[in-house]
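Got a two-chain model open and want to know what to look at? Here's a quick run of questions and answers to go with it.

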Amino acid sequence: MIRSVVISTLLLIACAFAQSAWLGGVAVLGVTPDIGLIVLIWLSYMNGLVAGPVSGFLSGLAEDFLSASPLGFHAFIKTAVSAAAALLHGSFYIDKLLLPVILGFAGTMAKAIAAGALFLLFGSKVHAYSPLDRILWIEAAYNAVLSPLVFLLLGPLGRFLVAERRRA
Amino acid sequence: MSDQPPRADVRGRRAVAPILLAASLLCLTVSTRSLEGVPESLGLTVLGFFQRGFSAVGEFASDTVASIGELRRLRANFEELSAELERYTNMERGLADLRKENQRLKEQLGFSQDAAYQRIAARIVAKDPENLYSTITIDKGFGDGIRKNMPVIAFQDGIEGLVGRVVEVGRGTSKIVPIYDSKSFVASRFSGGSRTEGLVGGQGSPDYPLLMRFVKKRAKDEVQFGDLVATTGYESLYPPDIAVGRVKKVRVLDYQTSIDIELDPALDFSRIEYVFVVKPEAGAGEGDR
């Protein structure tokens with residue numbers, strides 16, 4: 001369990017670095033995909049209620065250091081999204097296309113809702129998505145499109161990243 | 001024996017996420033009331049090191065691919081430049097005389113040789129990992145003399161434009177909030193005839209126009225498409241007369257006492273690679289680390 005949490009957290013932090021340093025070049029209308037979020041959804045779905053949220057919390061905290069957000073902002077969002085994904089742990093069979101697309105889209109929406117909840121609590125000290133703004137919808141679509149590919153790439157890494165293999 | 005885990009174990013597992021959410025909220029509560037940015041600065045110092053590493057790896061990969069075509073171009077450029085160098089060597093002699101004459105004239109007119117402010121050149125190494133925030137990370141930190149709240153400018157197509165201000169400083173990296181961030185405000189005025197003032201704010205993305213608010217209504221007849229707006233420098237973090245944007249659209253609403261003006265940023269943020277952090281003039285108070 002500890003090994004998979006450590007590896008998962010490092011992978012998520014690497015995703016945050018990659019997003020900040022490299023993904024500007026693949027931005028669509030100035031919006032970059034959240035690869036870390038897709039990876040986190042997969043990890044939480046596969047690992048359940050402990051490993052996923054712990055990795056989400058730690059990587060979110062690291063992201064807070066890289067971002068202008070107040071400390072705890074991304075930690076809260078990533079923990080909330082991973083907890084939501086972990087609640088679905090083992091409920092569905094993950095196919096190659098449809099479920100990853102749905103999870104990628106729904107995960108982005110969950111992220112927006114979590115940011116909105118923080119905005120209600122902390123007001124203008126934090127940023128939130130506006131449902132009327134194109135950024136949210138472009139990011140959700142981008143994440144949905146990339147999810148099948150990211151899930152596919154994560155499959156072979158399962159033995160390092162998944163704490164308890166689901167029973168057949 | 002049952003396959004189900006014990007009830008206490010299940011309860012323990014379910015408690016993990018709420019505990020972590022509570023810890024996140026605690027962090028947020030502390031950091032939004034601001035512990036003077038100490039934890040953020042410490043985190044930026046540690047993680048900024050790795051972020052620079054990632055940036056360097058990406059740059060190395062793209063440079064390696066680009067260098068093949070670059071070699072061919074460089075050879076042609078070399079021959080062209082050798083010829084030009086010869087021409088400039090001759091010009092240099094004439095320039096030295098002109099420089100001396102210029103110096104003499106400046107002394108007679110009482111102009112100061114010193115620039116109004118010092119600049120620290122820095123390279124952009126990363127941007128905010130999330131779309132919600134719009135931070136820019138540069139490869140210089142407090143070890144290089146950078147302090148919180150220092151203004152940041154850039155040169156592009158012959159224009160000195162405002163990029164934003166430093167909000168967090170680590171040992172070797174710093175974070176800048178650009179003027180297009182929705183929490184950024186710059187006291188500005190028109191550079192041309194009217195000199196009307198207003199407050200320029202961003203809308204969260206470099207693709208959206210900047211918004212100049214609180215401009216007196218009587219200015220609506222004087223403002224024209226393409227007019228340049230620059231910093232005022234009054235009681236401000238920013239030095240005066242740094243270009244902010246150009247008028248794109250004027251919004252006049254009858255029920256408002258002021259007009260809103262949309263501006264195109266003076267700089268194309270997608271093309272900026274290098275910036276200059278402006279050190280305050282000697283005597284002016286420096287920001288905190």
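**Confidence and layout**

Q: What does chain B average in pLDDT?
A: Of its residues, 88% score at least 70. The model as a whole comes with ipTM 0.84 and pTM 0.76. For chain B itself, the average pLDDT is 82.

Q: Where in chain B does pLDDT stay under 50?
A: Where pLDDT is low, the predicted coordinates should not be read in detail. The stretch in question still has 14 contacts beyond four places in sequence in the model. It covers residues 284–289 of chain B.

Q: How many helices and strands are there in chain B?
A: Reading from the N terminus, the elements run α-α-β-β-β-β-β-β-β-β-β-β-β-β. That order gives chain B two helices and 12 strands.

Q: What share of the residues of chain B count as buried?
A: Chain B has 289 residues. Among its contacts between residues at least 6 apart in sequence, 60% join residues at least 24 apart. The buried share of the residues is 32%.

Q: Why is strand β4 of chain B largely enclosed by the rest of the structure?
A: A residue counts as buried if 20 or more other C-beta atoms lie within 10 Å of its own. Strand β4 spans residues 159–169 of chain B, and it is largely enclosed because the buried ones among its 11 residues number nine.

Q: Which residue in β4(B) stands opposite B:V152?
A: Strand β3 (residues 151–156) of chain B pairs with β4(B) in the antiparallel sense, over six bridges. Their hairpin has two residues between the strands, and in it B:D157 takes a positive phi near 50°. Opposite B:V152 you'll find B:G164.

Q: What is the bridge partner of B:V166 in β5(B)?
A: β4(B) also pairs with strand β5 (residues 174–178), again antiparallel, over five bridges. A hairpin of four residues joins β4(B) to β5(B). The partner of B:V166 is B:I176.

Q: What is the phi of B:F214?
A: Most residues other than glycine have a negative phi. B:F214 lies in strand β8 (residues 210–216) of chain B and is partly exposed, with 14 other C-beta atoms within 10 Å. Its phi is positive, near 55°.

Q: Where in chain B is B:D241?
A: B:D241 is not a glycine, yet it has a positive phi of about 60°. With 14 C-beta neighbours inside 10 Å, B:D241 counts as partly exposed. Its place is the loop between β9 (228–231) and β10 (243–251).

**Core and interface**

Q: Which residues have the most contacts inside the largest nonpolar core?
A: That core has 105 residues. In chain B, B:V244 touches residues including B:L162, B:I179, B:V200 and B:L263, leaving out those up to four places away in sequence. The residues with the most contacts inside the core are A:V81 and B:V244.

Q: How do the residues of chain A that touch chain B divide into nonpolar, polar and charged?
A: Here 43 residues of chain A are in contact with 39 residues of chain B. On the chain A side, α1 (2–21), α3 (51–66), α4, α5 and α6 (134–154) each supply at least two residues. The division is 28 nonpolar, 11 polar and four charged.

Q: Which residues is A:I94 in contact with, leaving aside neighbours within four places in sequence?
A: A:I94 is in the loop between α4 (73–87) and α5 (98–122) of chain A. A:I94 is partly exposed, with 15 other C-beta atoms within 10 Å. Its contacts are A:L99, A:P100 and A:F151.

Methods
Residues numbered from 1 in each chain as written. Chains lettered and ligands numbered in written order. Predicted model: local features only at pLDDT ≥ 70, side-chain atom pairs only at ≥ 80, totals over all residues. Buried ≥ 20, exposed ≤ 12 C-beta atoms within 10 Å, placed from the backbone. Contact = placed C-beta atoms within 7 Å. Nonpolar A, V, L, I, M, F, W, Y, C, P; charged D, E, K, R; others polar. Pairing = 2+ DSSP bridges. Core = buried A, V, L, I, M, F, W, Y, C linked by C-beta atoms within 7 Å. pLDDT = per-residue confidence, 0-100.
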